[in-house]
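These are my notebook entries on a single protein model. I record what I looked up, one topic at a time.

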Amino acid sequence: MAGNRRFMDEDSAHPNQDRGRRELLTGGQRPNAVVLACSDSRVPVEIVFDQGLGDLFVIRTAGEITDLSVLASLEFAVVSLGVPLVVVLGHESCGAVAAAQTALATGSMPPGFQRVLVEKVTPSLLAARSQGADTGEDFEKHHVVEIANHIVDRSPGIMERLREGLCGVVGMRYRLSDGLAEPVASYGLDIDGVPATEVH
Ligand SMILES: [Zn+2]
């Protein structure tokens with residue numbers, strides 16, 4: 001969050017991008033966080049959090065949707081690399097969320113494999129609607145929360161680390177306009193304005 005603040009303020013430090021860091025990392029990696037983000041070109045993860053080489057383990061899919069490969073990558077980072085923080089990063093004006101909204105409203109699906117995007121985002125929109133959400137912002141935030149919940153529910157390895165206090169999971173929505181990555185959900189961590197969700 002400090003790095004995101006620097007980026008917002010046009011005060012990025014561009015840390016860990018020199019020759020020394022490159023050479024140090026030939027011995028292995030110990031990233032601070034694993035980030036599952038949307039592939040949208042306007043949300044480059046290392047840039048918006050002002051991080052460098054070896055700092056973030058990044059997985060990106062359109063609409064930050066998950067499948068077995070994504071869950072495997074998350075578990076590799078958390079369980080095998082010991083990464084203590086999982087971040088799910090959605091964003092303002094997400095095309096995948098908009099496509100699912102359109103499909104719900106009109107019944108028209110995108111062609112080819114793109115329909116998978118709609119299939120994977122629609123449950124989040126239905127959950128959001130049932131709680132009275134009706135704006136794109138609401139849907140984007142709910143989708144991030146649903147993906148974070150899904151990761152915790154589906155991954156025994158991540159759940160176990162959460163229970164042991166060895167990792168936290170945070171959902172955030174990035175605002176294109178001012179660059180803020182706003183926390184919207186948290187497991188295992190108390191963040192200003194976002195109380196940690198109980199893990200059972
Ligand atoms: Zn997106």
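Predicted model: local features only at pLDDT ≥ 70, side-chain atom pairs only at ≥ 80, totals over all residues.

**Entry 1: helices α4 and α8**

An α-helix has 3.6 residues a turn, so residues three or four places apart point the same way. I then looked up the geometry: the axes of α4 and α8 lie 9 Å apart and pack at an angle of about 35°. The crossing of α4 past α8 is left-handed.

Next I asked which residues of α8 are buried. Helix α8 spans residues 156–163, and within this helix G157, I158, M159 and L162 are buried. I also looked up what covers them. The cover of the buried residues of α8 includes α4 (68–80), α7 (136–154), β4 (168–174) and β5 (181–187). After α8 comes G165, and I noted that its phi is positive, near 75°.

**Entry 2: the aromatic pair**

I searched for aromatic pairs and found one in the structure. The partners are F57 and F76, and their arrangement is tilted. A pair of aromatic rings is described by the distance of the centres and the angle of the planes. For F57 and F76 I recorded 5.9 Å centre to centre and 50° between the planes. The pair ties together parts that are 19 residues apart in sequence, because F57 lies in strand β2 and F76 in helix α4.

Is F57 buried or exposed? Its relative accessibility is 16%, so F57 counts as buried. F76, at 38% relative accessibility, counts as partly exposed. The cut-off I needed here is that buried means under 20% relative accessible area.

H91 and C94 are both buried.

**Entry 3: E182**

I turned to E182, which has its place in strand β5. Leaving aside residues up to four places away in sequence, E182 touches K141, G171, M172, R173 and R175. E182 also belongs to a network of salt bridges together with E137 and K141.

**Entry 4: salt bridges**

How many salt bridges are there? The count comes to nine. I examined several of them individually.

R6 forms a salt bridge with D50, and their closest N and O atoms are 2.7 Å apart. This pair links distant parts of the chain, 44 residues apart: R6 is in helix α1 (residues 2–8), and D50 is in the loop between α3 (45–48) and β2 (56–61). R6 has a relative accessible area of 25% and is partly exposed, whereas D50 is buried at 2%.

D55 forms a salt bridge with R21, with 2.8 Å between the closest N and O atoms. Here too distant parts of the chain are linked, 34 residues apart: D55 is in the loop between α3 and β2, and R21 is in helix α2 (residues 19–24). Both D55 and R21 are buried.

I also noted the salt bridge between the side chains of D178 and R175, at 2.7 Å from N to O. D178 is partly exposed, with a relative accessible area of 31%. R175 likewise counts as partly exposed, at 27%.

**Entry 5: positive phi angles**

Finally, I looked up backbone angles. Most residues other than glycine have a negative phi. H14 is not a glycine, yet its phi is positive, about 45°. H14 lies in the loop between α1 and α2. E64 is not a glycine either, and its phi is also positive, about 45°. E64 lies in the loop between β2 and α4.

Which of these residues is buried, and which is exposed? H14 is exposed, with a relative accessible area of 52%. E64 counts as buried, at 1% relative accessibility.

How values were computed:
Residues numbered from 1 in each chain as written. Heavy atoms only, no water. Buried < 20%, exposed > 50% of the residue type's maximum accessible area, 1.4 Å probe, protein only. Salt bridge = Lys/Arg side-chain N within 4 Å of Asp/Glu carboxyl O. Helix = DSSP H or I, 4+ residues; strand = E, 2+ residues; numbered from the N terminus. Contact = heavy atoms within 4.5 Å. Phe/Tyr/Trp six-rings, centres within 6.5 Å; stacked < 30°, edge-to-face > 60°. Axes fitted to C-alpha atoms, helices over the stretch in contact; angles between N-to-C directions. Left-handed = near helix turned anticlockwise from the far one by under 90°.
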